[in-house]
Amino acid sequence: MTMPTERCPWCGTDPLYVAYHDTVWGRPEYDSLALFEKLCLDGQQAGLSWITILRKQGGYRAAYANFDPQAIARFTDADVHRLLSDPGIVRNRLKVQSIIRNARSYLALQEQGLEFSDFLWQFVDGAPRQNHWQSLEQVPVTTPESKAMSRALKQAGFNFVGPTIVYAFMQATGMVNDHLVTCHAHAECQQLA
């Protein structure tokens, strides 16, 4: 049996997007801080394409203290003003403030004794869901799990975490394997699970 050599068509041919598809998207991520960064970045995508945020990822890391929740939680109005003039990120007040709010919510969960990774992975019972989609049209934009995670995140104080954003986050962090079965990464991600 030969292995598929195709890619999911959504990544196109942009080298940055192809590398993201081939090495990040769909690979299970269990590190709480990496998950926090990814959730914040997925929220920044609202109304934009993911490649826009991917191109600015370095700018976000520089602007937001490498996504250190402790540092971000201490940001002040002066920091918000600074961020709103930073061309390395999306300069939208609500999105700028959302990362600060999410950092405070992340720390609040920690104070309750909840590990962020465990909090998120519980919605897929701790193991990546293996889907077997033949075409992009079959891939959902939300699922009951993404809706439940979205509700729980909102209750915990997070924002820019609607069910569609959350499902994109679940796909990116390997909570679900939504690579098409014709994609070479489908089997790789299945093995990583």
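In this predicted model, one aromatic cluster is formed by Phe36, Tyr60, Tyr64, Phe67, Phe75, Tyr106, Phe116 and Phe158.

| Pair | Centre to centre | Angle between planes | Class |
|---|---|---|---|
| Tyr64 and Phe67 | 6.1 Å | 20° | stacked |
| Tyr64 and Phe75 | 6.0 Å | 20° | stacked |

Tyr64 counts as buried because its relative accessibility is 0%, and Phe67, at 1% relative accessibility, likewise counts as buried. Tyr64 and Phe75 are both buried. Since Tyr64 lies in the loop between helix H4 (57–63) and helix H5 (69–73), while Phe75 lies in the loop between H5 and helix H6 (77–83), their pair ties together parts that are 11 residues apart in sequence.

Turning to the whole chain, the secondary structure of the protein comprises 11 helices and 2 strands, which follow one another along the sequence in the pattern α-α-α-α-α-α-α-α-β-α-α-β-α. The radius of gyration is 17 Å, close to the 16 Å that the globule rule gives for 193 residues, so the protein is as compact as a globular protein of that length. Its C-alpha atoms fill a box of roughly 60 × 35 × 25 Å along the principal axes, and buried residues make up 48% of the 193 residues. Of the contacts between residues at least 6 apart in sequence, 70% join residues at least 24 apart.

The accessible surface comes to about 9,300 Å², with 53% belonging to carbon and sulfur atoms. As for charge, there are 17 positive and 19 negative side chains, and the centres of the two sets lie 8 Å apart.

Methods:
Residues numbered from 1 in each chain as written. Predicted model: local features only at pLDDT ≥ 70, side-chain atom pairs only at ≥ 80, totals over all residues. Heavy atoms only, no water. Helix = DSSP H or I, 4+ residues; strand = E, 2+ residues; numbered from the N terminus. Rg over C-alpha atoms; globule rule 2.2 N^0.38 Å. Buried < 20%, exposed > 50% of the residue type's maximum accessible area, 1.4 Å probe, protein only. Contact = heavy atoms within 4.5 Å. Areas by Shrake-Rupley, 256 points an atom, 1.4 Å probe, with all protein chains shown as cover. Lys, Arg positive; Asp, Glu negative; His and termini not counted. Charge placed at Lys NZ, Arg CZ, Asp CG, Glu CD. Phe/Tyr/Trp six-rings, centres within 6.5 Å; stacked < 30°, edge-to-face > 60°.
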